[in-house]
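Visitor: Could you take me through this model by question and answer, giving the cut-offs as we go?

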Amino acid sequence: MTDTTNKTPTEILAPDVVTPEVVPAQAPKQGKPASLWTDAWRELRRKPGFVISALLVILMTIMAAFPQLFTSIDPRECSLINALQTPGGEHWFGTDLQGCDYYARTIYGARTSVSIGLVVTFFATLIAVTLGSLAGYKGGWLDSTLSRFTDIMFAIPLILGAIVILNALGGSRGIWTVSAVLIILGWPTMLRLMRSSVLSVRELDYVDAARALGASDWRIITRHVLPNGITPVIVYATITVGVIITAEASLSFLNVGLQLPAISWGLMISAAQNRILTFPHLLFFPGIFLSVTVFAFILMGDALRDALDPKLR
Amino acid sequence: MTSYIIRRVGQFVLVFFAATFLIFAMVFAIPGDPIRALAGEKQMPASLRQTLTERYHLDEPFLAQYWHYVSGVVQGDLGESFNQRPVLDIIKERFPRTLRLAIYAFIIEMVIGVTAGIWAGIRKDKFLDSLVKVSTVAVISIPIFVLGFMAQLLIGVRLGWLPVTAGNPPSLHGYLLPAIVLAAVSLAYVARLTRSSLVENLRADYVRTAKAKGLSKRRVTGIHTFRNSLIPVITFLAIDLGALMGGAIITETIFNIPGIGQEIYNATRSQEGAVVVGIVTLLVIIYAVVNLVVDVMYAVLDPRIRYD
């Protein structure tokens with residue numbers, strides 16, 4: 001590939017390098033070449049997949065932050081008289097075994113899932129990016145130690161590991177316990193991605209140039225290596241939010257995740273599992289919300305990958 | 001090449017010890033007294049308590065317990081449950097059912113996943129491609145327990161095509177629905193991976209050369225591209241084994257298949273640490289061995305990649 005960063009837009013658009021994707025109308029007017037992210041944003045805005053997933057993610061985040069906007073009913077106010085009503089009139093989504101309003105509980109369930117998904121992904125990514133860029137950039141014993149440790153963690157599948165730890169922890173498992181366990185098990189893949197991405201960026205000319213100019217390691221990593229190497233990790237992290245939400249729901253379903261009185265889609269389905277055949281609404285509503293939330297994050301990661309990875313075009 | 005294999009085996013040994021240690025350490029953290037849990041509401045005689053403590057080395061330090069455990073594992077002793085049944089026996093009894101479920105799931109996922117991926121790949125950006133793309137994201141997004149219950153409800157009860165539970169002893173017919181559910185998520189990944197790998201390879205130089213030589217499109221795609229495109233898919237299948245194991249716990253619980261997964265579920269509920277550790281250890285070992293084999297095969301099969 002030719003290096004486009006030090007060329008003017010007219011040079012970039014010279015006939016011999018014009019590709020179908022680059023039409024003159026898209027050229028930035030400031031005389032400064034568009035960055036990867038500007039390019040990606042321009043493309044993403046026109047992709048229905050990205051727009052839909054972004055809207056869904058925003059909707060779910062608002063639902064998680066302000067459930068009161070969607071329902072005025074208290075999800076914990078239940079009366080047994082109303083137990084197991086099918087959807088209709090007063091209770092849009094029906095009621096559960098305890099007579100709680102299922103719509104309110106489903107809405108409030110978003111908070112658990114979205115916050116666990118975001119918190120776990122944030123910290124796992126932070127660990128992976130920090131250690132991964134250190135391992136990739138520094139190399140040597142640091143790299144070997146971290147890589148071997150990653151291999152070990154990698155050998156323990158997410159759900160199996162989480163079952164063993166959470167089962168061992170016993171007692172009361174809240175959002176923070178479940179999140180901590182998922183963080184502990186969630187970073188290895190992203191660390192590998194970050195490391196290999198940094199390894200390829202490290203050898204590039206502009207890093208050599210920065211080093212020749214006397215820049216410190218810290219400056220080289222934060223100014224040059226990270227911005228150019230983090231793209232695959234961001235794509236993967238977006239998908240990870242969905243994966244973590246699924247994992248939390250599965251663990252809660254298996255009774256090793258969150259516990260009552262927490263409100264979680266996985267717990268709701270777990271509590272309903274013996275009545276699903278007679279009262280399908282108990283499965284249907286939390287199941288749909290759960291799947292749509294995961295769908296939004298995975299679709300978004302997909303759209304990001306398509307936009308950010310020019311190889312796939 | 002030989003040195004690569006030796007290094008890879010060395011790495012496997014390290015992973016084996018470290019992973020079993022981690023699992024053991026995690027379970028050792030279980031608060032509470034397992035013997036009291038076993039006694040339930042009844043008072044247990046001190047002598048019996050003493051015997052049990054000694055038998056399971058509960059009074060020894062942590063590292064000694066780990067040593068007892070890992071030296072047992074190497075000799076095929078995975079510990080025993082509190083009613084003195086060797087974990088290996090439990091595994092021997094239950095493993096064949098899980099294996100059957102996994103094999104059926106594997107076949108479904110390979111056949112449908114690879115076919116859908118190839119279809120989408122050779123018709124890149126056409127309707128079918130978009131359909132495969134969107135439907136795979138949709139399938140990946142549905143958690144396996146939601147999918148399991150939905151399948152039970154729709155295919156099992158409403159349509160009545162397949163039995164809702166696997167039955168005892170499970171019949172081939174009964175395995176079908178759980179296997180489809182277990183395969184679904186990985187199937188979608190396989191389809192996507194096959195597609196993107198095929199798309200990438202179809203643009204490779206050697207494909208252009210093959211076309212320029214005048215080979216038929218069928219031969220170019222069928223022989224040249226297809227074989228090379230499957231390499232990442234096979235690697236994925238090895239890694240995916242981990243997800244398949246996690247999925248088996250849920251699938252076997254939902255469809256009531258008395259396999260390894262259901263045993264893990266039951267053991268976590270009754271706090272039988274030894275059984276959980278025994279089975280999970282075995283699964284982690286299987287996972288590590290399969291990945292080792294695939295890595296070595298990879299080195300043999302793909303001469304483009306040099307390991308040093």
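**Core, interface and helix packing**

Visitor: Which residues is M190(A) in contact with, leaving aside its neighbours within four places in sequence?
Guide: This is a predicted model, in which local features need pLDDT of at least 70 and side-chain atom pairs count only at pLDDT 80 or more, while totals for chains, interfaces and linings use all residues. Residues are numbered from 1 along each chain as its sequence is written, and chains are lettered from A and ligands numbered from 1 in the order in which they are written. Two residues are in contact if their C-beta atoms, placed from the backbone, lie within 7 Å. By that criterion the partners of M190(A), its neighbours within four places set aside, are A124(A), T125(A), A128(A), V233(A), Y236(A) and A237(A).

Visitor: How many residues does the largest nonpolar core have?
Guide: A nonpolar core is a set of buried Ala, Val, Leu, Ile, Met, Phe, Trp, Tyr and Cys residues joined through C-beta atoms within 7 Å, where buried requires 20 or more other C-beta atoms within 10 Å of a residue's own, exposed 12 or fewer, and partly exposed a count in between. Inside the largest such core, A162(A) and M190(A) have the most contacts, and its residues number 149.

Visitor: Which element gives the most to the side of chain B that touches chain A?
Guide: The contact takes 42 residues from chain B and 39 residues from chain A. Elements are DSSP runs numbered from the N terminus, helices being H or I of at least four residues and strands E of at least two. Those giving two or more residues to this side of chain B include α6 (127-141), α10 (217-255) and α12 (273-301). With nine residues, the largest contribution is that of α1(B).

Visitor: What is the orientation of α7(A) and α11(A) to each other?
Guide: Helix α7 (residues 175-186) and helix α11 (residues 231-253) of chain A pack at an angle of about 130°, with axes 11 Å apart; axes are lines fitted to C-alpha atoms over the stretch in contact, and angles run from 0 to 180 degrees between N-to-C directions. Angles under 35 degrees count as roughly parallel, over 145 as roughly antiparallel, 65 to 115 as roughly perpendicular and the rest as oblique. The two helices, α7(A) and α11(A), are therefore oblique.

Visitor: Is N256(B) buried or partly exposed?
Guide: N256(B) is in the loop between α10 and α11 of chain B, and has a positive phi of about 55° although it is not a glycine. Because 15 other C-beta atoms lie within 10 Å, N256(B) is partly exposed.
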